[in-house]
Amino acid sequence: MAAQYPALTQLRKGVLEHCVLALLQEEERYGYDLVTQLSEAGLVASEGTIYPLLSRLRKEELVATSWRESTSGPPRRYYSLTDQGRSVLADFNRSWTDFKHSVDLILLGKELR
Amino acid sequence: MMTALDHPLVVEYLHRLAAESARLPADQAAELQRDIREHLAAALGNDPSEPSIREGIDRLGMPAELVDAAGGAPSHQDGAPDTNRRSGSDDGNGGVELAALVLLLGAGVFFILWPLALLMWAVGLVLVFRSQRWDVGEKLRAALVVGLTMPLTVMVLGLAGASAWTQACSPSSGGQVQCPESGIPAWGIVIILLLVAYLVYLVWTVVRLARAARRSR
């Protein structure tokens with residue numbers, strides 16, 4: 001894996017939980033499915049560290065969980081977005097758009113309007 | 001057929017995760033281990049090759065890293081004392097929980113010394129809710145089932161006293177002593193049966209809670 005800037009690690013940490021919420025906005029998913037998506041997007045270095053995050057989101061009632069039997073192993077815990085999680089995600093989306101716009105302007109050397 | 005979770009490499013990884021999870025509260029440790037088992041089962045499928053198992057485990061990360069991400073207390077290997085384990089309020093061997101059980105049961109036994117019993121009961125309940133080893137369900141069972149011992153003892157003895165008073169022989173207006181019919185009324189039998197059921201459930205609950213308090217982390 002290529003060397004990573006410390007800033008990138010911090011950025012990942014800051015956005016990761018909202019990316020999890022975003023992945024759940026259309027459909028519920030089980031843990032491995034979420035981890036795979038985030039890993040492929042380059043958002044996690046160690047896949048296992050997502051599970052403590054999912055546990056925290058569940059305790060904060062931003063996601064809900066349900067168990068389903070699996071044909072290929074132990075039962076799977078499925079995650080879905082709660083109304084509270086949806087609201088937090090909507091707030092983040094608005095903030096992110098403004099934040100991204102501001103950073104882009106500075107990086108591109110343009111004046112903020 | 002050997003599943004991926006039975007492979008020696010996976011067993012060894014899960015064993016190391018269980019050891020590292022001792023730095024977490026019991027419910028968090030159990031949840032993390034269950035999630036990782038589920039992940040490995042989904043990631044490796046049936047009859048995986050050894051390279052794919054190694055890759056799957058590498059992608060998961062080191063057990064210590066996972067426990068750190070879950071907010072585990074620093075380990076001794078980090079050079080830090082283990083005093084922060086379970087928010088620093090646990091005595092490390094379930095002593096708080098066992099003290100809570102003893103106090104709540106003792107309050108029921110020594111109810112006649114009501115100032116002492118009340119103090120034991122209140123301190124017992126505080127310890128129940130300060131417990132770092134019991135989960136929410138166990139705390140509720142401790143408070144509702146074991147904590148009920150003292151109020152129930154007082155209530156039952158009060159009822160028995162009132163019943164004895166109303167059934168006592170008393171002189172009638174004609175100078176004859178009248179006694180009500182002897183024997184236990186139907187409602188009395190129901191209460192006795194309920195009490196027996198409660199006592200059985202109480203013993204079972206205390207045993208379960210004591211085991212939960214002493215379980216290995």
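Visitor: Which strands form the open sheet in chain A, and in what order?

Guide: Three strands do, in the order β1-β3-β2, with antiparallel pairing. This is a predicted model, where local features need pLDDT of at least 70 and side-chain atom pairs count only at pLDDT 80 or more. Residues are numbered from 1 along each chain as its sequence is written, and side-chain values use heavy atoms.

Visitor: What makes two strands count as paired?

Guide: DSSP must find at least two bridges between them; the strands themselves are DSSP runs (E, at least two residues), while helices are runs of H or I with at least four. β1(A) and β3(A), residues 76–81, pair over two bridges, so they meet the definition. In β3(A), A:Tyr78 is the bridge partner of A:Tyr30.

Visitor: Why do β1 and β2 of chain A stand at the edges?

Guide: β1 (29–30) and β2 (63–68) each have a single partner strand, so one side of each is left without a neighbour in the sheet.

Visitor: How many aromatic pairs are there over all chains?

Guide: A search of the whole structure finds four. Rings of Phe, Tyr and Trp (its six-membered ring) pair if their centres lie within 6.5 Å; planes under 30 degrees apart count as stacked, over 60 as edge-to-face and the rest as tilted.

Visitor: Why is the pair of A:Tyr30 and A:Tyr78 called tilted?

Guide: The centres of these rings are 5.5 Å apart and their planes stand at 55°, so the pair is tilted. A:Tyr30 in β1 and A:Tyr78 in β3 are 48 residues apart, and the pair links distant parts of the chain. Both residues are buried, a word for under 20% relative accessible area, with exposed over 50% and partly exposed in between (1.4 Å probe, protein chains only).

Visitor: What makes the pair of B:Tyr201 and B:Trp204 stacked?

Guide: Here the centres lie 5.8 Å apart and the planes meet at 20°, so the pair is stacked. B:Tyr201, at 37% relative accessible area, is partly exposed, and B:Trp204, at 42%, counts as partly exposed too.

Visitor: How do you know that the charged end of A:Arg68 sits over the ring of A:Tyr78?

Guide: For a charge to sit over a ring, NZ of Lys or CZ of Arg must be within 6 Å of the ring centre and within 35 degrees of the ring normal. The charged end of A:Arg68 is 4.4 Å from the centre of the A:Tyr78 ring and sits over it. A:Arg76 lies over the face of A:Tyr30, at 4.2 Å from the ring centre.

How values were computed
Chains lettered and ligands numbered in written order.
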